[in-house]
Amino acid sequence: MNPYVTDFVSLLKQENNIIFNMTSEEAAAAIVSGNPEAVRKIDGQFAIVEKVGQQVFMARSIGRPMRYFLAKQISGPLLIVAERMDEIYDYLKQKGLHKQFHPSYTRMVPAHFVVRLEVIGCPDPNPVYTRFFEPQRNVLPTDIDAIGKKYIETLADECRKWLLSIPEEEPVGVLFSGGIDSGSVFLVLYHMMLRLGMSPQRLKAFTLSVDGGADAKQSYAFMDKLGLSLFLEVINVPLSSINYKEAIKTIEDYKTLDLESATMALALCRQIRELYPDWKYLADGDGGDENLKDYPIEANPELTIRSVLNNMMLYQEGWGVDRIKHSLTYSGGQSRGHVRSYAPATKYGFQSFSPYALPNVIEVAEGIPFIALTNWKEEVLYALKGEVVSRGVKAVTGFDMPVFEKRRFQEGAVSPDAFSKVFARNEIEYRTFFHSLYA
């Protein structure tokens with residue numbers, strides 16, 4: 001007879017999954033099948049957990065977070081699975097077990113792995129990781145036109161599936177800065193709505209302007225050049241409403257760049273919700289920088305161009321679950337950081353969709369022969385995304401998409417002078433506030 005009475009609870013909301021090609025039951029069956037190829041066939045943005053006997057299986061894409069925590073009871077272990085740390089903590093309080101909790105004791109399920117856990121009590125089980133997404137690298141030709149066409153065709157197909165999953169009367173918003181990623185997502189959605197016979201009047205591009213940030217001017221220039229200005233709505237927000245402490249509570253993280261981005265996303269989503277109480281569907285360009293490896297390498301002392309180009313999905317996954325730098329609490333790369341866009345949207349009742357973060361799109365990006373195209377030159381790498389995406393957008397939609405100099409969302413939404421007034425001087429201040437939440 002088993003001496004332990006196991007217990008398990010999932011606080012995940014199934015309706016937050018966006019799965020295009022199968023039912024929730026079929027997706028759950030794939031997770032527990034032990035077949036990584038079956039899991040890879042799940043098409044969309046998801047976080048799924050399923051218990052079979054004493055085994056719990058968990059898997060997610062980048063687009064949706066998932067955490068777990070193992071609590072101790074007299075009768076045996078209690079495994080809690082949720083999107084958020086505070087959901088786990090609140091549930092533990094209901095059970096009178098909250099004194100066991102600390103944020104660092106929670107575990108984030110890394111994207112693109114099935115995590116299997118034996119819920120058997122003492123000693124604590126070690127999770128078993130099985131990768132279900134392993135794209136082939138360097139399989140595309142060195143023809144940038146061909147790469148761009150393949151990349152944006154794949155993005156367009158994901159956008160098509162999403163649009164078809166949305167009720168016909170529902171409006172569709174894009175979090176828009178006029179940059180390459182949000183700009184391409186907007187144009188592809190506009191193009192696909194016309195192809196599908198949908199009214200493009202349902203579509204709107206929302207740009208955040210905090211006391212006159214530079215993105216507003218850029219967004220106007222982007223839309224004016226294409227004759228699409230009627231779709232743009234600049235959302236003006238006063239500097240006094242920007243609060244990084246609220247963002248820390250929302251994303252439950254303190255990593256500087258992700259937190260800054262989330263702070264602005266929170267302000268934008270809050271104001272959209274106030275203006276449009278019934279709006280539900282928002283798309284964004286999150287993941288575009290990771291896919292095309294468009295981050296300043298010199299800003300991170302841990303990175304070189306060789307580490308960036310030689311490590312599969314480094315920006316999406318970090319160093320990998322088997323590496324010493326991997327954080328059990330936070331995973332790595334965009335697997336950790338995507339909460340910057342997901343959590344603010346979810347907080348205000350939106351269903352967010354990030355097509356660049358979907359496996360089918362990442363797979364094309366990983367197939368790009370970056371080394372052959374750049375010859376290890378950083379400046380060539382940084383210019384590559386604009387070339388690939390703009391040529392792809394032209395091939396797929398016919399639009400000559402404007403390409404502006406790269407600027408982070410948080411830097412474009414607010415002026416440089418104001419930026420220093422709303423953010424802390426270093427990450428230590430963010431960490432200190434975060435840890436105070438559970439002191």
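**Burial, packing and ring pairs in the model**

Me: At 0% relative accessibility, does Met66 count as buried or exposed?
Reply: This is a predicted model, in which local features need pLDDT of at least 70 and side-chain atom pairs count only at pLDDT 80 or more, while totals for chains, interfaces and linings use all residues. Residues are numbered from 1 along each chain as its sequence is written, and side-chain values use heavy atoms, with hydrogens and water left out. Buried means under 20% relative accessible area, exposed over 50% and partly exposed in between (1.4 Å probe, protein chains only). Since its relative accessibility is 0%, Met66 counts as buried.

Me: How far apart in space are Met66 and Leu11, C-alpha to C-alpha?
Reply: Met66 belongs to the loop between β5 (55–60) and β6; strands (E, at least two residues) and helices (H or I, at least four) are DSSP runs numbered from the N terminus. Met66 and Leu11 are 55 residues apart in sequence, and their C-alpha separation is 9.9 Å.

Me: In which sense do strands β6 and β7 pair?
Reply: Two strands pair if DSSP finds at least two bridges between them. Arg67 stands opposite Ala82 in β7. Strand β6 (residues 67–73) and strand β7 (residues 76–82) are joined by seven bridges, and the sense is antiparallel.

Me: Why do the buried residues of α3 line one face of the helix?
Reply: The buried residues of α3 are Met85, Ile88, Tyr91 and Leu92, and they pack against β1, β6, β7 and α19. The arc is that of the directions from the helix axis to the C-beta atoms. These residues line one face because, seen down the axis of α3, they fall within an arc of 130°.

Me: Near what value is the positive phi of Gly96?
Reply: Gly96 follows α3. Its phi is positive, near 70°.

Me: Which class of ring pair do Phe101 and Tyr438 form?
Reply: The structure holds 24 aromatic pairs, where rings of Phe, Tyr and Trp (its six-membered ring) pair if their centres lie within 6.5 Å; planes under 30 degrees apart count as stacked, over 60 as edge-to-face and the rest as tilted. The centres of the Phe101 and Tyr438 rings are 5.1 Å apart with planes at 55°, so this pair is tilted.

Me: How many residues apart are Phe101 and Tyr438?
Reply: Phe101 lies in the loop between α3 (85–95) and β8 (107–108), and Tyr438 in the segment after α19 (427–436). At 9% relative accessibility Phe101 counts as buried, whereas Tyr438, at 21%, counts as partly exposed. The pair links distant parts of the chain, with a separation in residues of 337.

Me: How far is Arg336 from the ring centre of Tyr330?
Reply: A charge sits over a ring if NZ of Lys or CZ of Arg is within 6 Å of the ring centre and within 35 degrees of the ring normal. The charged end of Arg336 sits over the ring of Tyr254, 5.7 Å from its centre. Arg336 also lies over the face of Tyr330, where the distance to the ring centre is 4.1 Å.

Me: Which residue's backbone oxygen does the side chain of Asn291 reach at 2.8 Å?
Reply: Asn291 is in helix α9 (residues 288–291), and at 0% relative accessibility it counts as buried. Beyond its neighbours within four places in sequence, Asn291 is in contact (heavy atoms within 4.5 Å) with residues including Tyr151, Gln316 and Phe370. At 2.8 Å, its side chain reaches the backbone oxygen of Tyr356.

Me: In which sense do strand β12 and β13 pair?
Reply: Five of the six residues of strand β13 (residues 232–237) are buried, so this strand is largely enclosed by the rest of the structure. Ala205 stands opposite Leu232 in β13. Strand β12 (residues 203–210) and β13 share six bridges, and the sense is parallel.

How values were computed: Polar contact = N/O pair within 3.5 Å; in protein donor to acceptor, adjacent residues only side chain to side chain.
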